[in-house]
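Have the structure open as you read. This report goes through it part by part.

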Amino acid sequence: MKPRLILLLLGVSALLGLLFMGLGLNSRDLPSPLVGKPAPPFMLEALENAEVILTERDFIGEVALVNVWATWCGTCRSEKPLLMELARGGIPIHAFNYRDERDSALRYLNVSDNPYRTIAYDPKGDAGIDWGVYATPETYVLDAEGVIRYKRIGPLTRQLLLDEVLPLIETLRAGEARRMAQS
Amino acid sequence: MKPRIPLIRRALSLWLLAAWLPAGSVMGLAIGEPLTFTREAHQRQYDILVRELRCTVCQSEAIHESNAELAADMRRRVYEMTLAGHDAGAIIEFMVQRYGDYVRYRPPLQANTWLLWASPFLLALFGALAWWRSVAVRRRMPPAPVFTGQERALLERLRRESGGGRLP
C-alpha cells in the first residue's frame, strides 16, 4: 500500500507543478519564427513625407532597433521615454507607425520627443503582417546585416533592456567590429 | 375595461418581428467586410481558411469570428492571396512563417507536438494498466472463508476470552 500511495502523491504533485508552471507563462509571449531570419521586405511611405518611399533597406546598415507604435496605443506612449534614452545613447531606432493616422502621428511627435530615425507609415498593417506584428508595441533588434536577432512583444522595460537587449546589442556590435577588422 | 389593441397594430408588430428576426441572424453569421468572389472554389477556400487561422491577439478565436483589427488584416490578406491564386497550403504556410505554428487552430503533428497528440492515448493506456493491475490484485486475494455454525461459535468464544478484542 505504501509505495502506491507515494506514487500517487508524486503523480499528483507532478501534475500540480505542471499546472503551476502554466500559470507563470504569459500566453502572449509567442516565440517568433522571424528571429534568425532577414528583415521582411516592405515598401511604405515615410511618415513625414508621403513622397519618400522606404524599404527594409532603410532599416539596415548598423545594429538597430525597430519599434512598432501608434498614437492610439497607450503602452507605446509610456514606453517612449525609454526609447528616448536609447536614442540619446546612440542606438538607432527605426519604426513602423502602425494602423495610425498620419496627422495625429505627426502632431504627437511634434509636441513630444522623437526617438526615431526612420519612420515607415503603415496605415493598413501591410508590413505589419509581414513582420508578424500582433500587439503594439513590439520591438525588434536587427543586426548590421539586417537579420532579426530578437523580438519583444509588448513594452520594453528597463529591466528587460539591462538583462537582454543591451547585452545583445553589445555582442552584435562587437561581432560587427570584428568582421569589419577582418575585411 | 380591458384595453384592446387594434388588430392592425398587432399585425404590424408581428410583421416587424418577422422581418427583423432573419436580419439579426444573418448579421451574426459573418463579421466585417462584404466580399465578392467570382469563383466558387475561391469562396470555399476563403471560408475554410478563415476558420483554420487563429487570431493571435484574441487567441481563442479564429480570424473568421474575431473583431480585432489584426484579424481583419489577416482576412484581407487571405482574401487577396486566394484571389491571386495561392492554394490553401501556401496561405497557411505564409501565416505560419510570420506568426508561428500558433496561428494554426489545429496543430500539425510534428516533432514538438507529438506529446500533445499522444497524451490522450497515453492517458488511456495508463488508465487501462492501472485498472488491469487492480483487477489482477483483487483476483489474487484468497476468497472470504465460509464458516459453519460450529466454527462461528468457536470463534465467538475465542474472541470473548481474549478480552473482546477484534479478531485479526
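Predicted model: local features only at pLDDT ≥ 70, side-chain atom pairs only at ≥ 80, totals over all residues.

Local features are described only where pLDDT is at least 70, and side-chain atom pairs count only at pLDDT 80 or more.

## The sheet of chain A

Chain A holds an open sheet of seven strands. The strand order is S2-S1-S5-S4-S3-S6-S7, and the pairing is mixed. Which strands sit at the edges? They are strand S2 (53-55) and strand S7 (148-153) of chain A, and each pairs on one side only. From one strand to the next, the twist averages 30°.

Helix H5 (residues 158-182) of chain A lies across strand S6 (138-142) and S7 of chain A. This helix runs at about 165° to S7(A).

## Strand S5 of chain A and its partners

Strand S5 covers residues 118-122 of chain A. The strand is mostly covered, with four of its five residues buried. Its pairing with strand S1 (residues 43-46) of chain A is antiparallel and rests on two bridges. Here Glu45(A) has Tyr121(A) in S5(A) as its bridge partner.

S5(A) also pairs with S4(A). These two strands run parallel and are joined by five bridges. Tyr98(A) stands opposite Asp122(A) of S5(A).

Strand S4 (residues 93-98) of chain A pairs in turn with strand S3 (residues 64-69) of chain A. That pairing is parallel too, over five bridges. Leu65(A) faces Ile93(A) of S4(A) across the pair.

## Chain B: a run of helices

Chain B has six helices and zero strands. Along the sequence the pattern reads α-α-α-α-α-α. Of its 168 residues, 13% count as buried. Among contacts in chain B with a separation of 6 or more, 45% come from residues 24 or more positions apart.

Phe121(B) is found in helix H5 (residues 114-140) of chain B. Is Phe121(B) buried or exposed? Phe121(B) counts as exposed because it has 9 C-beta neighbours inside 10 Å, and the cut-off for exposed is 12 or fewer. Between the C-alpha atoms of Phe121(B) and Arg104(B) the separation is 22 Å, with the two residues 17 apart along the chain.

## How H2 and H3 of chain B pack

Two packed helices are described by the angle between their axes and the distance between the axes. For helix H2 (residues 40-52) of chain B and H3(B), the axes come within 10 Å and cross at roughly 150°. H2(B) is therefore roughly antiparallel to H3(B), since angles over 145 degrees count as such. The crossing of H2(B) and H3(B) is right-handed.

On the H2(B) side, the residues that meet H3(B) are His42(B), Gln45(B), Tyr46(B), Leu49(B) and Val50(B).

## Where the chains meet

How many residues does the contact take from chain B and from chain A? Chain B gives 13 residues and chain A gives 14 residues. On the chain B side, the elements that give two or more residues are helix H3 (69-83) and helix H4 (88-99) of chain B. H3(B) gives the most, with five residues. By class, the side of chain B that touches chain A has five nonpolar, four polar and four charged residues.

Definitions and conventions. Residues numbered from 1 in each chain as written. Chains lettered and ligands numbered in written order. Contact = placed C-beta atoms within 7 Å. Nonpolar A, V, L, I, M, F, W, Y, C, P; charged D, E, K, R; others polar. Buried ≥ 20, exposed ≤ 12 C-beta atoms within 10 Å, placed from the backbone. Pairing = 2+ DSSP bridges. Axes fitted to C-alpha atoms, helices over the stretch in contact; angles between N-to-C directions. Parallel < 35°, antiparallel > 145°, perpendicular 65-115°, else oblique. Left-handed = near helix turned anticlockwise from the far one by under 90°.
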